Amino acid sequence: MTDAIAVLNAGSSSLKFSLYSVHGPGLQRELHGQVESLHTGPRLVAHDRSGATIADRRLDLADGSGHAGALPHLLGFLREGLAGTRLVAIGHRVVHGGQAHWRPVLVNRDILADLEKLVPLAPLHQPHSLAPIRDLLAREPGLPQVACFDTAFHHGAPEIEQMYALPAPLHAEGIRRYGFHGLSYEYIASVLPGFDAGAARGRCIVLHLGNGASMCALLAGRSIATTMGFTAIDGLMMGTRCGSLDPGVVLYLIEQRGLDAAEVTNLLYNNSGLLGVSGISSDMRTLLASTEPRARLAIDLYIYRIRRELGSLAAALGGLDALVFTAGIGEHAALVREGVCVDATWLGVQLDPAANAAGGPRISRAHSGVRAWVLPTNEELMIARHTCQLLGIHA
């Protein structure tokens, strides 16, 4: 009987999933999809390995709402499609592992309690990451669950990169730069040798540009610097998050505008970024299609903030061999890639407009001093690999 690994990625209103069968030396994704609109009109949508839709149906969550109500339906659906296959484990994307958890870990109630203590460091992500784990521990305690952390890939960065200029006791208690999107960067580092062996051995900056966005400087495939820090709000401008901000602005909002902590959190996480600047949308596709001046302003600011961070990361590397664009905007927004590459001409990037319009994978000219690539990321596959490795499943 073939073994199968499920991967869950829980958001605030969705539960994304993938199912991988273990075939000798590799993992094959059999299906993927999500339960969307968890709190309003839950709907399960799934696609097979060819991309064909195999399920699209409303869910009646009579036994509870949210993640807890959706899980029994999702597990039932997965097992329906497991003819001749058994579900042996579930891997989870967990945003924050803190200082203690920087390797994938088999979750029990003690580990879950440790991870719940990190909720203040990722208040918009960590609770949702942990919700299905908690529910599954109660429903199916015999089913192994593995937590894989978005912070883990950056654990080995130089200590000086992880430090803020704060008193030493604060650093010791965990106020430090953690970095995020690590599963995406780890995947890109694993496939880059097949596209650009020189960059994989050398100095590369990966741009994970999605609704959440960050950049990572890789030296021989290892993270040495990244734009996100203590929380997932730092660094680049994002869909609804502001990115880097003078701490004095927060003090001003509290002391002069009278905002409380919840209101500041809502402003910086949910009403800033592309949405806040444009006043139109947090979706780059909508802004690119718009003729409104503020839509263009938001795009220009987005690209400019990347330009600033690109210079910083290139300095941390001491030079640059390649750029890699990945995630939703990075993989699909040619105009954003063009703006970044044109801004990086001084670093040696020479964009090939036709290749960029076609989506790559290589979007720089043959003689470009710094190569530029578009490589799709695959965090789910990374989680499935870690799950198999931790549990000793041969894949």
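I am working from a predicted model, in which local features need pLDDT of at least 70, side-chain atom pairs count only at pLDDT 80 or more, and totals for chains, interfaces and linings use all residues. Residues are numbered from 1 along each chain as its sequence is written, and side-chain values use heavy atoms, with hydrogens and water left out.

I looked up strand 4 (residues 43-48) and strand 5 (residues 53-58), which run antiparallel and are joined by 5 bridges. Strands here are DSSP runs of E of at least two residues, helices are runs of H or I of at least four, and both are numbered from the N terminus. Two strands pair if DSSP finds at least two bridges between them. The two strands form a hairpin with 4 residues between them, and glycine 51 in the turn has a positive phi of about 95°. Arginine 43 stands opposite arginine 58 of strand 5.

I then checked aspartate 56, which lies in strand 5. Aspartate 56 counts as partly exposed because its relative accessibility is 46% (buried is under 20% relative accessible area, exposed over 50%, partly exposed in between, with a 1.4 Å probe and protein chains only). Beyond its neighbours within four places in sequence, aspartate 56 is in contact (heavy atoms within 4.5 Å) with Arg43, Leu44 and Val45. The side chains of aspartate 56 and arginine 43 make a polar contact of 2.5 Å. A polar contact is a pair of N or O atoms within 3.5 Å; within protein, one must be able to donate a hydrogen and the other to accept it, and residues adjacent in sequence count only if both atoms are side-chain atoms. I also took the C-alpha separation from aspartate 56 to histidine 128, 72 residues apart along the chain, and got 23 Å.

Helix 2 (residues 109-116) and helix 3 (residues 126-139) pack at about 160°, with axes 11 Å apart. That angle makes helix 2 roughly antiparallel to helix 3. The residues in contact include Leu112 and Leu115 of helix 2 and Leu130 and Ile133 of helix 3. Axes are lines fitted to C-alpha atoms, for helices over the stretch in contact, and angles run from 0 to 180 degrees between N-to-C directions. Helix 8 (residues 247-255) and helix 9 (residues 261-270) pack at about 135°, with axes 10 Å apart, and are therefore oblique to each other. Angles under 35 degrees count as roughly parallel, over 145 as roughly antiparallel, 65 to 115 as roughly perpendicular and the rest as oblique. In this second pair, Val250, Leu253 and Ile254 of helix 8 meet Val264, Leu267 and Leu268 of helix 9.

I traced an open sheet of 5 strands with mixed pairing, in the order 11-10-9-12-13. Its edge strands are strand 11 (222-226) and strand 13, each pairing on one side only. Within it, 7 bridges join the antiparallel strand 9 (residues 203-209) and strand 10 (residues 213-219). Cysteine 204 stands opposite leucine 218 in strand 10. Helix 14 (residues 334-343) lies across strands 9, 12 and 13, at about 160° to strand 12.

Serine 364 sits in the loop between helix 15 (353-358) and strand 13 (371-374). Serine 364 counts as buried because its relative accessibility is 5%. Its side chain makes a polar contact of 3.2 Å with that of arginine 362. A polar atom of the serine 364 side chain also lies 3.0 Å from the backbone nitrogen of alanine 372.
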